Amino acid sequence: MSGYHLELPTIQNWSCHSCSGCCRQHRIAITAAEHERLAGQQWTEADGIAAGQPLFVRMGRWPFRRWWRLAHQPDGRCVFLDDQGLCRIHARFGEPAKPLACRIYPYAFHPKGQQVVVGLRYSCPSVVRNQGASLSSQRGELKSLAAQVIPANVTQARPPRLHGGLRLDWPDTLRVVDALLATLREASSPIAIRLLRALHWLELLEQAKLDSIRGPRLQELLDLLRSASAAELPGTFDLDRLPEPTRVGGTLFRLHAGQYGRIDMDVAGRWLAGRRLKLLWTALRLARGGRELPGLSPEFPPLSFAALERRRDFPSFDFDEMLSRYFLVKLQGMSFCGRAYYDESLVDGFRSLALMFPVVCWLARWRAAVRGDGPVTIDDVVVALTTADHHHGYSPALGTFAAKGRLRTLHKLGDIPRFIARLGPALATHQPDG
């Protein structure tokens, strides 16, 4: 661990609760050494592996580099997941014998100047619910994992671009990140207002000429912009004052949110022609927004457009705590820009992160609407957030030129703040965190 300090998110707890969701959703890539070790363990039917069930799937094509991933059973479970939802490798040889990718999840490690920061993936429901031991109590284990995945030259990593081609040094980049964190920690206002404030002053910063504004002068500018945005958008700001999203923006948002709601990410990249046609047909129906929207996954089955458009109450206090923690951990963990997020700039990366708020609200409302006319429950929010974060920063589809262009168009139309205001809970129901 020499050469850098490991920074942990102090507001987050996590322990594995053996829900086995990660063993069903993820395709686990393994190293050549792991492939050789697992293949040499002589797994048989006596160990619970069905006859004829392959353990691995070979990836890549000649002459490109070939690699392996763990195979999955016909019902979608990892080949090593037993009927009780437990890992056969873990049971037989202990936790250290599992592939490194399995042991790391849901942690993520990213450079942050002279530090390495630990982030978490909210595709794990125990992370979303903040269940388990504090991360500070797991520092020893995290140090051990970090030593296995972090390169020796990590402190030489370049900071992400601020916007366009402008790249600040690490101290100034972290000044901007810290200003975003400070804005989102203003718990006397609902999370929707805090996101709008951050988007507001970040756009002003993008327009400023920063050629000679560095160090303390940049900090003064950031403090001024934050104060101006707080005055422009007080905690009592009526979100209904913002206009409705544009019609074009509505089409783009449904396409964007639909990609977050479907479970079709596969690192293999091998698609049957029928699957491609189904995805295309789903996208066309989402874009049109007709009477009935197509099903995205078992959690989000076909639904009438009118039912999804209906305004619903949210569990405001729990909702605000959960979403606030999500955004703070993503920011602190540097999981929203640079190489951690499709090589996007800090500004564009934050806009994409902020758009997760209406995406999660939209999916939570979808799940509630399937039940009827009742309110959104915290379970709806948990399912929506775990589903969406499964894709955020990891789905190849969201890193394409088309997906990035869709985000930039939503920004140019001014629709990102409008979707935040329109799809979230009513402001009047907010209960401050403290």
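# Loops, cores and a buried helix

Colleague: Where is the place of Ser 20?

Modeller: Ser 20 sits in the loop between β1 and α1. Helices (H or I, at least four residues) and strands (E, at least two) are DSSP runs, numbered from the N terminus. This is a predicted model, in which local features need pLDDT of at least 70 and side-chain atom pairs count only at pLDDT 80 or more, while totals for chains, interfaces and linings use all residues. Residues are numbered from 1 along each chain as its sequence is written, and side-chain values use heavy atoms, with hydrogens and water left out.

Colleague: Is Ser 20 buried or exposed?

Modeller: Ser 20 counts as buried, because its relative accessibility is 9%. Buried means under 20% relative accessible area, exposed over 50%, and partly exposed in between (1.4 Å probe, protein chains only).

Colleague: What is the phi of Ser 20?

Modeller: Ser 20 has a positive phi of about 70°, although it is not a glycine. Most residues other than glycine have a negative phi, and most peptide bonds are trans. Asn 130, likewise not a glycine, has a positive phi near 60°; Asn 130 belongs to the loop between α5 (125–128) and α6 (139–149).

Colleague: Which residues does a cis peptide bond join?

Modeller: Tyr 105 and Pro 106 are joined by a cis peptide bond, with omega at about 5°. Pro 106 lies in the loop between α4 (100–104) and β5 (107–112).

Colleague: Which residues is Ile 11 in contact with, leaving aside its neighbours within four places in sequence?

Modeller: On that basis, Ile 11 is in contact with Asn 130, Arg 325, Leu 328 and Val 329. Contact means heavy atoms within 4.5 Å.

Colleague: Where does Arg 325 lie, and what does it touch?

Modeller: Arg 325 is part of helix α13 and is buried, with a relative accessible area of 3%. Not counting residues up to four places away in sequence, Arg 325 touches Ile 11, Gln 12, Tyr 122, Val 127, Val 128, Arg 129 and Asn 130.

Colleague: And Glu 344, buried or exposed?

Modeller: Glu 344 is buried, with a relative accessible area of 4%. It is placed in the loop between α13 (316–332) and α14. Once neighbours within four places in sequence are set aside, its contacts include Arg 161, Lys 404 and Arg 408.

Colleague: A change of topic: how many residues has the largest nonpolar core?

Modeller: That core has 111 residues, and Phe 109, Leu 205 and Phe 350 have the most contacts inside it. Helix α15 (residues 356–371) gives the most to this core, with 11 residues. Apart from this core lies another, of 15 residues, among them Trp 43, Ile 49, Leu 70 and Phe 80. A nonpolar core is a set of buried Ala, Val, Leu, Ile, Met, Phe, Trp, Tyr and Cys residues joined through side-chain atoms within 4.5 Å.

Colleague: Why is helix α18 described as largely enclosed?

Modeller: Seven of the nine residues of α18 (residues 415–423) are buried, so the rest of the structure largely encloses this helix. Those buried residues are Asp 415, Ile 416, Arg 418, Phe 419, Ile 420, Ala 421 and Leu 423. Their cover includes α8 (191–207), α10 (247–261), α14 (346–354), α15 and α17 (401–412).

Colleague: What does the secondary structure of the protein chain come to?

Modeller: The chain has 18 helices and eight strands. Its radius of gyration is 22 Å, close to the 22 Å that the globule rule gives for 434 residues, so the chain is as compact as a globular protein of that length. The radius of gyration is taken over C-alpha atoms, and the globule rule is 2.2 Å times the number of residues to the power 0.38. Buried residues make up 51% of the 434 residues.

Colleague: How many positive and negative side chains are there?

Modeller: There are 56 positive and 41 negative side chains, and the centres of the two sets lie 6 Å apart. Lys and Arg count as positive and Asp and Glu as negative, while His and the chain ends are not counted. The place of a charge is taken as NZ of Lys, CZ of Arg, CG of Asp or CD of Glu.
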